[in-house]
Amino acid sequence: MTEISADILSAAVAVDDAEVRRQGIGFVDGTIPGYVLLMGDKAANAPALIESLTERRIVVFVTEDELVAALRETGVSLGWESRVVPLDVTSALGFVTRVAQIFGHADTPDAALNYACERLRGFSALLGQPTPNRLTGAREALPFGCALLSNAALEPLVAEWDAGTAGYRDTIGGLALDDLIQVGIEERGLRIHVPLPELPVRYSEDFAGEVVRADSVGAALYGVELVVTGQDLVDGQVTVVGPDLDARLTGDHPYGLLIEVSGKAMQSDFENVLEREVESLLNEVNGVMHRGQRANTSLRISQKAIDAGLRLHHLGEILRTRYHNALGNILNRVQVTIITDPEQMQTLAKRAQAVYDQRDARLSGMTDEGVDTFYTCTLCQAISPSHICIISPEHVGVCGAMDWMDAQAAVSIRPVGPNQAVEKEGLLDARLGQWESVNRVARKETGGALESYSLYSMMESPGPACGDFECITAMLPLSNGVMVVNRAYQGLTPGGMDWDTLNELVGACMPVPGFIGHSKRALSSQKFIAGDGGWRRIVWMNHALREELRPALELLAAEAGLSGFVDMIATEQQATSEEDVLACMETTGHPALMMEPMM
């Protein structure tokens with residue numbers, strides 16, 4: 001590593017230690033995300049740049065006397081109180097060195113440089129001509145991790161500088177002034193705290209379990225949500241396509257949410273993790289109730305909140321803010337588009353489904369037996385306090401949006417959060433899918449509400465359902481099988497209950513043997529209720545759901561050598577009672593007739 005110059009070390013000695021302790025603590029605890037060494041001759045551009053930096057709590061060291069004088073003339077407040085500090089490059093780096101020495105206990109120059117690069121992140125911003133003196137100052141700052149960013153062309157003046165040896169570019173020239181700050185933040189990984197926007201309603205985790213009932217609904221939306229990694233994004237841009245909340249959007253009006261993010265540490269495997277955060281973030285808005293995920297998302301907003309002035313752009317601004325503050329370690333830009341135009345929503349839905357399919361395919365070939373670790377998901381405890389999902393390669397979360405790879409990615413992003421690793425230890429029952437370690441964590445995370453948790457059974461200690469499920473499977477005793485229905489089906493089932501009645505029973509987050517809530521994709525797993533006989537138990541499905549899942553069910557049946565199985569499953573077109581279902585089973589020779597009794 002390049003050494004600290006003697007002039008900078010001398011400047012560090014001359015710094016007032018009391019001032020270092022008073023101001024340096026902000027750099028260490030994250031209150032101040034970083035610093036900028038501002039140099040150049042474009043004084044007219046400096047005030048707007050400084051305002052943008054200080055809004056982000058970044059300290060600006062103004063390193064040239066002419067620039068300082070010009071800023072004073074324009075009324076810019078200078079000093080530590082405003083975080084705009086007149087110090088030349090050597091003195092500014094001396095201050096940074098002393099902060100490293102005091103707070104990082106760095107007793108050697110190399111240790112100080114290491115601490116400064118990792119903990120006291122900054123960059124140089126050059127406005128105007130890259131004169132030899134300015135380039136000398138910027139190069140002196142390079143060992144401190146200060147990349148040089150400029151609106152001027154820097155090549156070939158910096159051709160001999162080291163390039164990218166520390167995971168960031170040393171010099172970036174030709175930037176638009178609007179991009180300079182954002183690029184610097186991204187290159188050096190500054191964690192920026194973004195304040196919540198002004199809202200016409202209250203925002204607090206106290207509202208996370210709020211229910212917006214039918215008689216108070218001002219807008220009822222239903223549709224799709226998607227988070228993807230994007231390029232050339234405009235951070236903070238929120239676009240609403242279609243009518244807003246004050247247009248009486250009721251009757252499950254089409255809704256689409258597209259969140260595009262980018263960052264040096266962002267990976268495609270993180271997208272679904274961010275997508276699942278939407279529910280908890282929006283449920284903290286007073287008067288908003290968000291349920292579901294992916295293409296099964298409902299959003300209810302109370303008339304009271306709409307009358308107070310709540311609009312869709314507020315929701316987008318909240319998401320952008322919370323993403324930055326909670327996940328700033330992986331992303332730097334967040335761009336949000338909210339769609340209520342029916343045609344545009346369908347376009348997004350098609351795009352989203354292709355992404356969902358691609359994500360789901362990642363688990364192809366993985367089995368529970370092939371891993372040593374399962375994961376928890378307690379994300380929905382804000383709305384269902386005793387809820388927990390145990391996630392394995394063959395047992396996705398109740399919502400279907402969180403699978404084993406997503407949970408693994410979530411833990412890598414936030415080691416302390418709603419997803420935690422569970423070592424697969426102490427097998428109790430291979431048929432039911434019970435382990436001592438799983439039962440132990442289920443008891444702990446639910447406050448003792450659950451004593452045991454079966455991954456593969458709906459009859460013995462099934463897991464709870466938070467209400468975000470797409471389907472419900474229920475036992476049909478007379479048929480020795482099960483029926484599966486999804487929320488789109490409005491009629492009565494052979495069990496004598498419609499979706500709303502079943503939903504009240506299953507969605508209360510207290511396990512009811514013989515009933516489970518789950519995702520559509522769960523039905524493609526060999527482990528789906530395997531402890532009770534598995535997919536062969538399915539004797540009735542609503543017709544639309546059966547046809548939608550026909551390919552997945554036919555694949556399971558083909559692997560088992562059971563041809564024609566899907567057509568053995570009765571629908572509302574053949575059976576509306578248990579007696580009708582049994583008659584259909586006898587006609588088709590359904591395999592459930594020959595299986596052991598479920599009870």
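Visitor: What percentage of the residues in the chain are buried?
Guide: In this predicted model, buried residues make up 55% of the 599 residues in the chain. The chain has 19 helices and 21 strands, and along its principal axes the C-alpha trace spans about 90 × 55 × 45 Å. Among contacts between residues at least 6 apart in sequence, 73% join residues at least 24 apart.

Visitor: Are Cys-117 and Cys-146 buried or exposed?
Guide: Buried means under 20% relative accessible area; Cys-117, at 14%, therefore counts as buried, and Cys-146, with a relative accessible area of 0%, is buried too.

Visitor: What makes strand S7 mostly covered?
Guide: Of the 13 residues of S7 (217-229), 11 are buried. S7 pairs with two strands described here: with S11 (residues 296-302) in the antiparallel sense over six bridges, and with S9 (residues 253-262) in the parallel sense over nine bridges. As individual examples, Tyr-222 stands opposite Ser-298 in S11, while the bridge partner of Leu-221 in S9 is His-253.

Visitor: How many residues of strand S10 are buried?
Guide: Six of the six residues of S10 (288-293) are buried, so the strand is described as mostly covered. Six bridges join S10 to S11, and the two run antiparallel, with Gly-292 opposite Thr-297 in S11. The hairpin of S10 and S11 has two residues between the strands, and there Arg-294 takes a positive phi near 50°.

Visitor: How do you know that the span of helix H12 is close to the expected one?
Guide: Helix H12 (residues 342-360) has 19 residues and reaches 26 Å from its first C-alpha to its last, which is close to the 27 Å expected at 1.5 Å a residue.

Visitor: Why are the buried residues of H12 said to lie on the same side?
Guide: The buried residues of H12 are Met-345, Leu-348, Ala-352, Val-355, Tyr-356 and Arg-359. Because they cover an arc of only 105° around the axis, they are on the same side of H12.

Visitor: Why are strands S20 and S21 said to stand at the edges of their sheet?
Guide: Four strands form an open sheet in the order S20-S18-S19-S21, with mixed pairing. S20 (515-518) and S21 (538-541) each have a single partner strand, so one side of each is left without a neighbour in the sheet. The twist averages 25° from one strand to the next. Within this sheet, S18 (residues 471-476) and S19 (residues 481-486) pair in the antiparallel sense over six bridges, and the bridge partner of Cys-471 in S19 is Asn-486.

Visitor: Why is Phe-528 called buried?
Guide: Its relative accessible area is 6%, and the cut-off for buried is under 20%, so the label applies to Phe-528. Phe-528 has its place in the loop between S20 and S21, and, leaving out residues up to four places away in sequence, Phe-528 touches Thr-473, Ile-516, His-518, Ala-522, Leu-523, Gly-534 and Trp-535. The C-alpha atoms of Phe-528 and Val-396 are separated by 9.9 Å, although these residues are 132 apart along the chain.

Visitor: And what makes Gln-490 exposed?
Guide: Exposed means over 50% relative accessible area, and Gln-490, at 65%, therefore counts as exposed. Gln-490 lies in the loop between S19 and helix H15 (499-506), and its C-alpha is 9.7 Å from that of Asn-542, 52 residues apart along the chain.

Conventions. Residues are numbered from 1 along each chain as its sequence is written. This is a predicted model: local features need pLDDT of at least 70, side-chain atom pairs count only at pLDDT 80 or more; totals for chains, interfaces and linings use all residues. Side-chain values use heavy atoms; hydrogens and water are left out. Buried means under 20% relative accessible area, exposed over 50%, partly exposed in between (1.4 Å probe, protein chains only). Two strands pair if DSSP finds at least two bridges between them. The expected span of a helix is 1.5 Å times one less than its number of residues. The arc is that of the directions from the helix axis to the C-beta atoms. Axes are lines fitted to C-alpha atoms, for helices over the stretch in contact, and angles run from 0 to 180 degrees between N-to-C directions. Contact means heavy atoms within 4.5 Å.
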